Structures are given as structure tokens and as C-alpha cells.
Amino acid sequence: MRFVYCPDCGRKLIEKQIGDEGYIPYCEVCKRPLFDMFSSCVIVLVTNDDGQVVLLRQNYISTQYYNLVSGYIKPKETAEETAYREVKEEIGVKLSSLDFVGTFWFDKKDMLMIAFIGKTADKELTLSGEVDEAKWIDAKSAQNMVHPKGSVSYTLIERLLNI
């Protein structure tokens with residue numbers, strides 16, 4: 001989101017050169033730059049010791065592909081806290097470990113996705129209302145069920161399989 005008006009005083013912003021950042025929307029009244037904002041979320045590939053991963057069917061996201069656990073970061077929450085919370089909320093399992101994989105820009109929604117691989121000993125899945133279906137599946141088979149090569153989901157499975 002690019003600011004046009006100051007969210008504090010309501011004044012129309014000007015473009016002002018701010019150091020190495022280039023021209024940034026700036027409030028002359030509040031004397032501050034207003035940098036572009038975007039959403040941040042986590043995406044988690046949940047795994048177990050049997051070489052399986054959890055795939056979710058969330059029809060509001062896709063009826064063609066399965067998804068991984070994901071969710072928006074709330075204010076005052078770290079990405080790691082969000083990952084643990086989202087996994088517990090969406091599929092009802094507790095992670096025993098969480099490894100950071102990387103960050104990915106998701107053009108379609110202008111958001112930064114912070115990716116993790118999480119491990120659990122829990123086998124039983126308890127689904128939230130936003131999950132239509134979830135199941136454990138062999139990681140190699142899962143590659144053909146998520147969004148195609150180049151997607152974050154596919155990349156996380158590749159990373160797990162060390163391809």
C-alpha cells in the first residue's frame with residue numbers, strides 16, 4: 001500500500017527524497033516519511049519422522065491444489081510465534097521444532113511470506129473451520145499436489161527432500 005494522505009493528520013503527502021531510498025511519500029506537517037506497507041505472513045511445511053507432510057485443502061484459496069499451513073502475522077507477534085500458532089489453530093498439532101527456510105515475495109497478493117519447516121510427533125489432525133480437508137502424505141507425492149515448481153509450497157518440499 002502506498003500512502004497518499006498522512007494517517008495521523010490527514011494532509012496530502014508530497015514526494016521527498018529520503019537518503020538512499022529515493023522519493024518517498026512525506027508529510028510536511030508531521031515531518032515524517034511514510035514508507036510503503038505490505039502484509040507479512042508465514043507458511044509452514046509440517047513434517048513427521050515417517051517422511052510425511054501435511055497438505056491442506058482450503059477451497060477459498062484453491063480447488064485445484066493443496067496448500068500448506070499459512071497465516072498472517074499479528075501485531076506484537078514474531079514470525080516464529082505465528083508459525084506455532086497457525087499450525088495449532090489450523091490442524092491442531094504442536095510443533096516440536098521449527099526451522100527457518102527463507103523469505104519469498106508473493107506478487108499475487110503483495111505480501112512477504114516467511115517460510116519454515118516444522119516437525120511434530122502428533123499424528124491426529126484437528127481441523128479449524130478454514131480448512132476443508134487435511135491429510136498426511138508422503139513428501140515426494142506431495143510435490144505433485146501443491147502449486148507447481150517455483151511456488152513457495154513446492155520449494156519447501158524440494159528443500160525437505162534436498163533436491
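Two strands count as paired here if DSSP finds at least two bridges between them. Keep that in mind on this tour of a predicted model.

**Stop 1: strands S2 and S3.** Select residues 23-27, which form strand S2. S2 and S3 pair in the antiparallel sense, over two bridges. Zoom in on Cys27. Opposite Cys27 stands Arg32 of S3.

**Stop 2: the rest of the sheet.** You now have an open sheet of three strands, in the order S1-S2-S3, with antiparallel pairing.

**Stop 3: the whole fold.** Show the cartoon for the protein. Count three helices and nine strands. Start at the N terminus and trace the elements: β-β-β-β-β-β-α-β-β-β-α-α.

**Stop 4: overall dimensions.** The C-alpha atoms fill a box of roughly 60 × 30 × 30 Å. The radius of gyration is 19 Å, whereas a compact globule of 163 residues would have one near 15 Å.

**Stop 5: contacts and burial.** Look at contacts between residues at least 6 apart in sequence: 52% of them join residues at least 24 apart. Of the 163 residues, 45% count as buried.

**Stop 6: surface and charge.** The accessible area comes to about 9,400 Å², and carbon and sulfur atoms account for 51% of that. Then colour by charge. There are 20 positive and 24 negative side chains. The centres of these two sets lie 4 Å apart.

Definitions and conventions:
Residues are numbered from 1 along each chain as its sequence is written. This is a predicted model: local features need pLDDT of at least 70, side-chain atom pairs count only at pLDDT 80 or more; totals for chains, interfaces and linings use all residues. Side-chain values use heavy atoms; hydrogens and water are left out. Helices (H or I, at least four residues) and strands (E, at least two) are DSSP runs, numbered from the N terminus. The radius of gyration is taken over C-alpha atoms; the globule rule is 2.2 Å times the number of residues to the power 0.38. Buried means under 20% relative accessible area, exposed over 50%, partly exposed in between (1.4 Å probe, protein chains only). Contact means heavy atoms within 4.5 Å. Accessible areas come from the Shrake-Rupley method with a 1.4 Å probe; for residues, only the protein chains shown count as cover. Lys and Arg count as positive and Asp and Glu as negative; His and the chain ends are not counted. The place of a charge is taken as NZ of Lys, CZ of Arg, CG of Asp or CD of Glu.
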